[in-house]
Amino acid sequence: MRILSGIQPSGALHLGNYFGMMQPAIALQEKGEAFYFIADYHSMTSLFDAQERRKNSLDVALDFLACGLDPKKSVFFRQSDVPEVTELAWMLSTLTPMSLLEKCTSYKDKVAKGIPVNHGLFAYPVLMAADILIYDSNVVPVGQDQKQHVEVTRDIAIKFNEAYGETFIIPEPQIRGETAKVPGLDGEKMSKSYGNTLEIFGDEKTLRKKVMGIKMDSRTPTEPKPDADKNLAIQLLKLVAPTEDAADFENRLRAGGLGYGDLKKQLFESYWTHFAAARQKRAELAANLDYVNGVLAEGATKARTLAQTVLKRARRASGLE
Ligand code: ADP
Ligand code: TRP
């Protein structure tokens with residue numbers, strides 16, 4: 001089984017990205033042949049700063065490796081190191097009805113928000129289809145927001161197979177459950193665009209301040225809190241603390257007697273400890289960029305070899321060869 005997923009190099013990794021995307025992706029590398037890539041071509045649709053793209057791409061590589069991506073198990077590479085994918089995207093675009101792309105909610109949302117949209121953003125699902133099809137992927141683990149794009153991929157693959165004969169494997173999306181929606185520091189979904197994130201790697205003082213700054217209600221510490229499970233700090237604690245510890249704090253909050261300050265202190269400590277090993281690993285990797293670049297180069301070679309085989313199949317099928 002080949003598993004494929006991509007992540008855009010769009011900024012510092014936060015708890016939402018980690019529990020929603022990175023951790024499940026890393027767990028899946030035990031289940032099949034995983035291909036994970038840094039979607040730098042995709043980032044060009046909304047990020048227009050070269051230096052920032054370079055930095056973010058390296059950050060994603062460091063984050064992924066620090067969090068447990070094992071290059072012996074997974075093929076890890078930069079999307080743009082396999083330029084064949086853009087040729088396939090062109091071929092697929094000729095079989096993609098405009099109406100299929102006009103229906104895509106992530107595009108429509110951006111239009112509705114008044115974000116200036118470009119052709120790349122409109123054609124984004126076609127490039128994503130090429131990403132998926134060029135590696136003969138069977139399973140594509142994504143968040144709910146990307147499900148429609150995988151469905152578009154299936155439609156395009158079916159159209160290609162109908163027009164030119166069986167060429168592509170029809171992939172299945174694997175959608176992560178609702179529990180994967182990590183709340184941000186204001187209680188809304190954690191997201192860079194809401195400015196409510198808690199970063200995984202960053203300066204201790206700044207992060208402690210962010211946690212201690214979480215707003216709580218004005219009930220006194222002694223008051224029992226029957227809604228303890230709805231408390232944001234408790235919800236986050238459940239992600240980063242051992243189960244028994246989180247349950248203990250939840251019970252103490254429910255019973256009354258636990259102050260919000262102490263709860264937030266515990267949340268910070270648990271969070272800091274949870275990522276201690278990854279932080280250490282990331283520092284080591286950052287001091288050994290030759291290794292990191294070597295991993296990406298090796299991944300690119302493996303990915304490119306496969307991509308060239310599949311592209312050739314598509315070129316032959318469609319009469320380019
Ligand atoms: P952001 O919303 O911060 O810009 P992205 O859209 O770049 O994050 O998301 C990158 C990945 O992380 C996607 O797979 C997305 O589903 C996942 N993700 C982002 N925020 C959360 C969250 N709060 N809970 C769960 N998963 C999330
Ligand atoms: N669009 C995905 C996101 O923003 C990233 C991505 C690009 C991707 N190509 C992909 C995910 C192919 C899965 C498969 O999160």
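A crossing of two helices is called left-handed if the near helix is turned anticlockwise from the far one by less than a right angle, and right-handed if clockwise. Helix 9 passes helix 12 in a right-handed crossing. Helices here are DSSP runs of H or I with at least four residues, strands are runs of E with at least two, and both are numbered from the N terminus.

A word on the model itself. It is a predicted one, in which local features need pLDDT of at least 70 and side-chain atom pairs count only at pLDDT 80 or more, while totals for chains, interfaces and linings use all residues. Residues are numbered from 1 along each chain as its sequence is written, chains are lettered from A and ligands numbered from 1 in the order in which they are written, and side-chain values use heavy atoms, with hydrogens and water left out.

Back to the helices. Two packed helices are described by the angle between their axes and the distance between the axes. Helix 9 covers residues 204–212 and helix 12 covers residues 260–274; their axes come within 9 Å and cross at roughly 140 degrees. An axis is a line fitted to C-alpha atoms, for helices over the stretch in contact, and angles run from 0 to 180 degrees between N-to-C directions. Helix 9 and helix 12 are therefore oblique to each other, given that angles under 35 degrees count as roughly parallel, over 145 as roughly antiparallel, 65 to 115 as roughly perpendicular and the rest as oblique. On the helix 9 side, E204, L207, R208, V211 and M212 take part, meeting G261, K264, K265, L267, F268, E269, Y271 and W272 of helix 12; contact means heavy atoms within 4.5 Å. Sorted by class, the residues of this contact are seven nonpolar, one polar and five charged. Nonpolar covers Ala, Val, Leu, Ile, Met, Phe, Trp, Tyr, Cys and Pro, charged covers Asp, Glu, Lys and Arg, and the others, Gly among them, are polar.

Next come helix 3 (residues 50–66) and helix 13 (residues 276–286), whose axes come within 8 Å and cross at roughly 135 degrees. That makes helix 3 oblique to helix 13, and the crossing is right-handed. D59, L62, D63, L65 and A66 of helix 3 make the contact with A278, K281, R282, L285 and A286 of helix 13. By class, there are six nonpolar, no polar and four charged residues in it.

Now for the loops. M216 sits between helix 9 and helix 10 (232–240). Leaving out residues up to four places away in sequence, M216 touches N231, A233, Y260 and K264. At 23% relative accessibility M216 counts as partly exposed, a label for values between buried (under 20% relative accessible area) and exposed (over 50%), using a 1.4 Å probe and protein chains only.

C104 lies in the loop between helix 5 (98–102) and helix 6 (105–112) and is buried, with a relative accessible area of 1%.

Finally, most residues other than glycine have a negative phi. D136 is not a glycine, yet its phi is positive, about 50 degrees. D136 is found in the loop between helix 7 (119–133) and strand 4 (139–142), and counts as buried at 12% relative accessibility.
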